[in-house]
Protein chains: 2
Amino acid sequence: MNQDYIKADHWSIIEEGFDVNQVKSSESLFSIGNGAMGQRANFEETYSGPTFQGNYIAGVYYPDKTRVGWWKNGYPEYFAKVLNAPNWIGIHVTINEEVLDLFKCKKVENFRRELNMKEGWLSRSFKATLQNSIQIQVDSKRFLSLDFDEVGAIQYQITPLNNDAQINFSPYLDNGITNEDSNWDDKFWDVLSVDHQDHQAFIVSRTMKTHFNVCTAMQSHVSLNGDVLNQDKTVFDTSSFVEFQYQNHVNKGDTITLTKFGGYITDRNHDKNELISVAKETLNKVSDLGFHALLELQKTAWSKIWDRADITISGDVKAQQGIRFNIFQLNQTYLGTDARLNIGPKGFTGEKYGGSTYWDTEAYCIPFYLATKNQQVARNLLAYRYHHLDKAIENAEKLGFKNGAALYPMVTMNGEECHNEWEITFEEIHRNGAIAFAIYNYHRFTSDYSYITEKGLEVLIGIARFWHQRATFSEAKKQYVILGVTGPNEYENNVNNNFYTNYIAKWCINYAAKNIDIIEKDYSSDFTRIMNKVKLSKEEVSQWKAVADHMYFPFSEEKKVYLQQDGFLDKELITVKHLGKSQRPINQKWSWDRILRSPYIKQADTLQGFYFFEDDFTMEELERHFDLKMILLRKN
Amino acid sequence: MNQDYIKADHWSIIEEGFDVNQVKSSESLFSIGNGAMGQRANFEETYSGPTFQGNYIAGVYYPDKTRVGWWKNGYPEYFAKVLNAPNWIGIHVTINEEVLDLFKCKKVENFRRELNMKEGWLSRSFKATLQNSIQIQVDSKRFLSLDFDEVGAIQYQITPLNNDAQINFSPYLDNGITNEDSNWDDKFWDVLSVDHQDHQAFIVSRTMKTHFNVCTAMQSHVSLNGDVLNQDKTVFDTSSFVEFQYQNHVNKGDTITLTKFGGYITDRNHDKNELISVAKETLNKVSDLGFHALLELQKTAWSKIWDRADITISGDVKAQQGIRFNIFQLNQTYLGTDARLNIGPKGFTGEKYGGSTYWDTEAYCIPFYLATKNQQVARNLLAYRYHHLDKAIENAEKLGFKNGAALYPMVTMNGEECHNEWEITFEEIHRNGAIAFAIYNYHRFTSDYSYITEKGLEVLIGIARFWHQRATFSEAKKQYVILGVTGPNEYENNVNNNFYTNYIAKWCINYAAKNIDIIEKDYSSDFTRIMNKVKLSKEEVSQWKAVADHMYFPFSEEKKVYLQQDGFLDKELITVKHLGKSQRPINQKWSWDRILRSPYIKQADTLQGFYFFEDDFTMEELERHFDLKMILLRKN
């Protein structure tokens, strides 16, 4: 999807003009989140064109049974995925009995969408001419509160422009939702109850298998030209749905407004028997404040985030918009207040990547959170992996490792591996290095050594044990080799002696050994406690060190460069410049074997690995690697 | 499943004693087939224990939409699979209104099953005591006729032993069947009609998507102590089922027999509007002959097969039984009379491997058929690939090859690739060599050159073009390399310069070039016709030859051995002897990365490749390779 239709702006993502082909793309781009929940920018009213409904609650997942072509021993039984959660944003709207549906209007004009990243809200406005020729102006605004992170608010306004009109609003809750990404077309939710009282409605439901209990709730009222109407409503409900129906006669030029508060109360944070009462209290609190006061709080909260996190770029508005979009999305996805949560690669923008945790958290996100938030946030991310250490040890045992060796999963929700492509799950093991390197980064940035004594060293030991066992001695080379890996360049599978992997293995062992020495010397009671727990001997550490000290790195004597992996120079070297546009992106144009045979410039990933090492690797060695890149770039 | 329960016997597969845990295994082992259809050894009567119903019609398949974890460009859209066909063998049996069901009897004694491979029939006998305390002796025999390959016959006999009994037989046809192996739980059959007339019944149904029309038919009668009864029957039918109900009062010691003929008439061989009338004729013909005469024909037909195909082994009954089981299964699966058919790896014993065509046909089966049948049979198997040449060229184009290069699929039903594991589909390309080598084998064995002039050369040219384009020039080695392959040892994925693959590539080019020369010299009109069709220039052939002449083969100077692939000697070398039993089979005990890192003795596959080359490879070179194996075996 070409996303060039977004207008350049310093602080906002803006779309102008209604195009049905952009709806799904914009639903992703204009997504909103508050760390605890998030949602795609679906329209509140009915939309019968192509759309992808999505609401997500952080930490509420489902272990979907996997489906593969040919099962391999060691594959995990399930792929955890974020669940599409009940819809609380929906509002059925009719104008003189015609359903408002942008896909079916005679005409849509002045359509404009704005995601205001500075203040944390999403708005939409348009002028629509319906099939019944009534012309209306619609203005909606919504946000997910940072201050009350279990709720969001919507203000939905309609002004009839060319005639008086009967405008009916039916705000609803809908638990009849499914995942687009479902392997066996299973149902994911059981509805336990559908209730309502006064202006509030509640659906309590439970996820299958994982048994998360969630109360989806809403409260609504209608105003005319700013004055709240105390009108009657009709309630319609089914076994998984409830709506309030408000009927309004609106004069031409008057503005009728539906205000709706809604969200999720879950048993991750509350007693499961008190979900409805907590929901009532929460809705009362935010509705007492009112939409505008809540929005002011939202602006203040985002302003505090930006004070520490903003990056300004002068002279290039699109770059400025782009970097702020990245910062905004990271903060929408994860705010660091809950050590049980982590950072899904796509945030709350859709189902792809299942909302699960990847090594990207340690490799790319922790440096960001270190620099822009209280150190407790990065510490929470580290603690997440500490809490999964036992599972990482189990995971390594499943693959034949022993003695407390830990292999962190490629993809996880609760510490168990969820990924099942052998070349990734079993072979992209450098991820384990990122977990250790994040501990190093945390200490380097904060100078807080307490994390390492309290939790970090156990993780470092589990990881060092893994590398020690994973490396094997080559009789031919008289050095330790690491065979059968996929490096950070995922387009080279099952290679031998990937430079990055071998180097991070060596580094992890040395870093663990160094910290064992420090803690033995300076924190003797911690040392005793940890050693009693992990049963580590001096002799074992010296075996690790033998591997680190005699690690093999592929090197070309002829070209005097380190190689990405064994045999790299046998490849046909093609630069991106010489790859016609018709060939790109190659993962959509080439078959996998062809991609694997030809190096190309996703190599940047590998370089990224090297940047981390600047402190530890001599510049001369680094330059040799860069030389290789230069050779690649110059060839042909 | 341990299959040691099978009794040793020179000519038969025999099971004695009833064990519910062996039922599914025996259903496979005792399968019967006649090249045109086949079936698992399911019981005719009701069985409510663990069972896997299976009937299969050669060439009737379904393109099931594939399901993979992460889609890769170049994957085929579907996996063709043999369909579970309507059941014609079923007979509901009641004894004094109690359903005969071996899973529910009070007692089962003297259970015996025999698959007589010499004569081509399956029998079963047992004494059962029902919950109602009636004791019966049951003897059944069935076979699929070689002479009339659209039908089979069943003789099902019951003798009440301790009392008179009301014994009802209800032979039926059932189209309400599904595939166990279905990716999307789709239905595979539409029923078009359910009919019956006199003693015959017919269900006409059509496969979805592929639209094969099949008439499943049966005819039955009952005899008492050998005399046919002309009794009344009741007909019961539904939209996908029809049965005849016969009620019999049988005195203690008398024997009541149901004789049933049935099978499939398909529009692969008949006009689709005449399926029922052909079925009537066919059933009339075999029922006029009668069960015993048809069985005598069966014995004669199998005896002719064994006259040419038998291998005798003295002094080892289990080995004798084993080799005859192999020969029997090959003949049950494929008889060479229909060039549209091929050899599914599991024959008609189940759904695994989808009944599709693999390179095993050329590598392993053609030599067998060459030696044991008229040469037309092997020629039919070669012609199968000639008819798929256009599809093999399309397949190569999908992977980026051009100019008529052909890559035969890993798995296919109609010439299109059906497999979707990148390391196999895209990389196990040595299969292409097997297609060419089979042509060489055919000519070597039969001295019939006409196949090469008529059809074979075009195939050889397509394959040579593939290898020419697939090899790349290594600037580092100054030789041609073949990167990113899976050799015949499927436990080494995405390796570089697999010896077998590089060698077969070189061989294919040389063999194609040699035959181009012969045909140019000795068959000039064929030469002109073929060259006009494939547009091949002398210059292109010399480019091929450059690749063949400068092909790289991995070699260890130190050990003076050829290596299976680049980097082979970096591995930890473990012999099977040193792998505890608890570790085997490693594909069920080890994770895939561990298998890939450790060589083990599936290496036999690779050796098998080498045997083929004895004529072309110097013995010295071969011995070097065997030396390597010895090193592996001696180590530790």
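Predicted model: local features only at pLDDT ≥ 70, side-chain atom pairs only at ≥ 80, totals over all residues.
**Relation of the chains**

Two copies of a chain are related by a rotation about an axis and a shift along it.

**The interface**

The size of an interface is often given as the accessible area lost when the parts come together. For chain A and chain B, about 4200 Å² is buried between them, and 51% of it is on carbon and sulfur atoms. Each side is made up as follows: 48 residues come from chain A and 48 residues from chain B.

The rule finds eight residue pairs in polar contact across the interface of chain A and chain B, both residues being at pLDDT 80 or more. On the side of chain A that touches chain B, at least two residues each are supplied by helix 8 (422-425), strand 21 (472-474), helix 14 (586-589) and helix 15 (592-597) of chain A. Helix 15 of chain A gives the largest share of this side, five residues. By residue type, the side of chain A that touches chain B divides into 16 nonpolar, 13 polar and 19 charged residues.

Two salt bridges are also found across the interface of chain A and chain B. One of them joins the side chains of D570(A) and K477(B), at 2.4 Å from N to O.

**Salt bridges**

Over all chains, the structure holds 59 salt bridges. The table gives some of them.

| Pair | N to O distance |
|---|---|
| D570(A) and K477(B) | 2.4 Å |
| K127(A) and E109(A) | 4.0 Å |
| E458(A) and K533(A) | 2.7 Å |
| D522(B) and K521(B) | 3.7 Å |

The salt bridge between K127(A) and E109(A) links distant parts of the chain: K127(A) is in strand 10 (residues 121-129) and E109(A) in strand 9 (residues 107-116) of chain A, 18 residues apart. E109(A) is partly exposed, with a relative accessible area of 23%.

E458(A) and K533(A) also form a salt bridge. E458(A) lies in helix 10 (residues 450-470) of chain A and K533(A) in helix 12 (residues 524-534) of chain A, so this pair ties together parts that are 75 residues apart in sequence. E458(A) is buried, at 4% relative accessible area, whereas K533(A) is exposed, at 53%.

In chain B, the side chains of D522(B) and K521(B) meet in a salt bridge. D522(B) is partly exposed at 48% relative accessible area, and K521(B) is exposed at 67%. Elsewhere, E44(A), E45(A), R124(A) and R142(A) are joined into one network by salt bridges that share partners.

**Two local sites**

Q155(B) lies in strand 12 (residues 151-160) of chain B. Q155(B) has a relative accessible area of 13% and is therefore buried, under the 20% cut-off. Its side chain makes a polar contact with the side chain of H292(B), at 3.3 Å. Not counting residues up to four places away in sequence, Q155(B) touches D139(B), S140(B), K141(B), T257(B), L258(B), F291(B) and H292(B).

Most residues other than glycine have a negative phi. N225(A) is not a glycine, yet has a positive phi of about 50 degrees. N225(A) is found in the loop between strand 16 (213-224) and strand 17 (227-229) of chain A, and counts as partly exposed at 44% relative accessibility. In chain B, N225(B) likewise has a positive phi of about 50 degrees.

Methods
Residues numbered from 1 in each chain as written. Chains lettered and ligands numbered in written order. Heavy atoms only, no water. Helix = DSSP H or I, 4+ residues; strand = E, 2+ residues; numbered from the N terminus. Buried < 20%, exposed > 50% of the residue type's maximum accessible area, 1.4 Å probe, protein only. Contact = heavy atoms within 4.5 Å. Buried area = accessible area lost by both parts, 1.4 Å probe. Polar contact = N/O pair within 3.5 Å; in protein donor to acceptor, adjacent residues only side chain to side chain. Nonpolar A, V, L, I, M, F, W, Y, C, P; charged D, E, K, R; others polar.
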